[in-house]
Amino acid sequence: MDNQPLIPQLFTERLTLRGVTEADVKAYERNFIDYEVVRHLSAVIPWPYPEDGVRTFIRDQVLPVQGRDRWVWGLHLKDVDGLIGAIDLWRPGRPENRGFWLGRSFWGRGYMTEAVVRVTDFAFQDLGFDHLVFTNAVGNRRSHDIKARTGATLVGVAPAKFVDPAYNEHEIWRLTKAQWSKWRGLSGPGATGKTPQP
Ligand SMILES: CC(C)(COP(=O)(O)OP(=O)(O)OC[C@H]1O[C@@H](n2cnc3c(N)ncnc32)[C@H](O)[C@@H]1OP(=O)(O)O)[C@@H](O)C(=O)NCCC(=O)NCCS
């Protein structure tokens, strides 16, 4: 993989975001292979999850395109070793351009919102996106809240399939570069994604 462009490390107040590599497999498996995490994701992900699925995913689906059409970062706490979640961007959209997940024991502390703010800056400032599309299962309250909290607009609902067959629709959100600049202006440079106070 010597000829592949690397993706840059990104930093937030509490996190380092690093391009995922095969060194992350163990921590990725520990946090990701959990029905409470995976059930909210697209039905293209197999469940039960295959034994070597994480290694195969990183080797075959991430590394060959990392930094080209896809950017996959692992979330690492600054003071503790090991990946606790991941966030990725891709183009073209299908229709969405972003995915994320966090190990269950790390929910409820604002880590993903913090990562989302940094990655959204990178998408607009460095990768040249002029808008981003996001989706989440109707009923995935935590994922919905991240979009609502970070300035995106809910533009529709459409049929979609998820690992959890009880989900059958997704919400579609849109965030333009102009909306993001405005949200950032209200939130200030140190924003962690808390609802801006106009
Ligand atoms: C989606 C997912 C990453 C969201 O996790 P999360 O912990 O709710 O999101 P954040 O890390 O941004 O934390 C937000 C929570 O921390 C709280 N919080 C604490 N400090 C905060 C801060 N500084 N900034 C923002 N929120 C903060 C918020 O109030 C919120 O909690 P609440 O929802 O109980 O009110 C996680 O639920 C997950 O991995 N789910 C399974 C996979 C999935 O659904 N992926 C998305 C598919 S579309």
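**Labels and their grounds**

Me: What makes S4 and S5 a pair of strands?
Reply: This is a predicted model. In it, 5 bridges join S4 to S5, and the two run antiparallel. Pairing takes at least two bridges, so S4 and S5 count as paired. Ala 86 has Trp 101 of S5 as its bridge partner. Gly 85 stands opposite Leu 102 in S5.

Me: Why are S1 and S5 called edge strands?
Reply: The open sheet has 5 strands in the order S1-S2-S3-S4-S5, with antiparallel pairing. Strand S1 (10–11) and S5 each have a single partner strand, so one side of each lacks a neighbour in the sheet. That puts both at the edges.

Me: How do you know that S5 is covered on both faces?
Reply: Arg 98, Phe 100 and Leu 102 lie on one side, Gly 99 and Trp 101 on the other, and all are buried.

Me: Which residues have the most contacts inside the largest nonpolar core?
Reply: Trp 73, Leu 75 and Met 112 do, in a core of 33 residues. Several elements supply at least two residues each, including strand S3 (70–77), strand S4 (83–90), strand S8 (169–176) and helix H6 (177–187). Helix H4 gives the most, with 9 residues. Another core, of 19 residues, lies apart from it; Val 20, Val 25, Val 37 and Leu 41 are among them.

Me: What is Met 112 in contact with, leaving aside its neighbours within four places in sequence?
Reply: Met 112 is in contact with Leu 75, Ala 86, Ile 87, Phe 100, Trp 101, Leu 102 and Ile 146.

Me: Why is Glu 114 called buried?
Reply: Its relative accessibility is 4%. Buried means under 20%, so Glu 114 qualifies. Its salt-bridge partner is Arg 14, with the closest N and O atoms 2.8 Å apart. Arg 14 is at 31%, so it counts as partly exposed.

Me: What makes the link between Glu 114 and Arg 14 one between separate parts of the chain?
Reply: Glu 114 lies in helix H4, and Arg 14 in the loop between S1 and S2. The pair therefore ties together parts 100 residues apart in sequence.

Me: How do you know that Arg 55 and Glu 22 form a salt bridge?
Reply: Their closest N and O atoms are 3.1 Å apart. The limit is 4 Å, so the pair counts as a salt bridge. Arg 55 sits in helix H3 and Glu 22 in the loop between S2 and H1, 33 residues apart. Glu 22, Asp 52 and Arg 55 are linked in a network of salt bridges. The structure holds 11 salt bridges.

Me: What makes Trp 47 partly exposed?
Reply: Its relative accessibility is 35%. Exposed needs over 50% and buried under 20%, so Trp 47 falls in between. With Ile 33 and Tyr 35, Trp 47 forms a nonpolar surface patch of about 250 Å² accessible area together. Trp 47 is found in the loop between helix H2 (35–38) and helix H3 (53–62).

Me: Where are the cis peptide bonds joining Trp 47 to Pro 48 and Arg 91 to Pro 92, and what is omega?
Reply: For Trp 47 and Pro 48, omega is about 5°. Pro 48 lies in the loop between H2 and H3. For Arg 91 and Pro 92, omega is about 0°. Pro 92 is in the loop between S4 and S5.

Methods:
Residues numbered from 1 in each chain as written. Predicted model: local features only at pLDDT ≥ 70, side-chain atom pairs only at ≥ 80, totals over all residues. Heavy atoms only, no water. Core = buried A, V, L, I, M, F, W, Y, C linked by side-chain atoms within 4.5 Å. Buried < 20%, exposed > 50% of the residue type's maximum accessible area, 1.4 Å probe, protein only. Helix = DSSP H or I, 4+ residues; strand = E, 2+ residues; numbered from the N terminus. Contact = heavy atoms within 4.5 Å. Patch = residues over 30% accessible without salt bridge, like charges linked within 9 Å, V, L, I, M, F, W, Y side chains within 5 Å. Areas by Shrake-Rupley, 256 points an atom, 1.4 Å probe, with all protein chains shown as cover. Salt bridge = Lys/Arg side-chain N within 4 Å of Asp/Glu carboxyl O.
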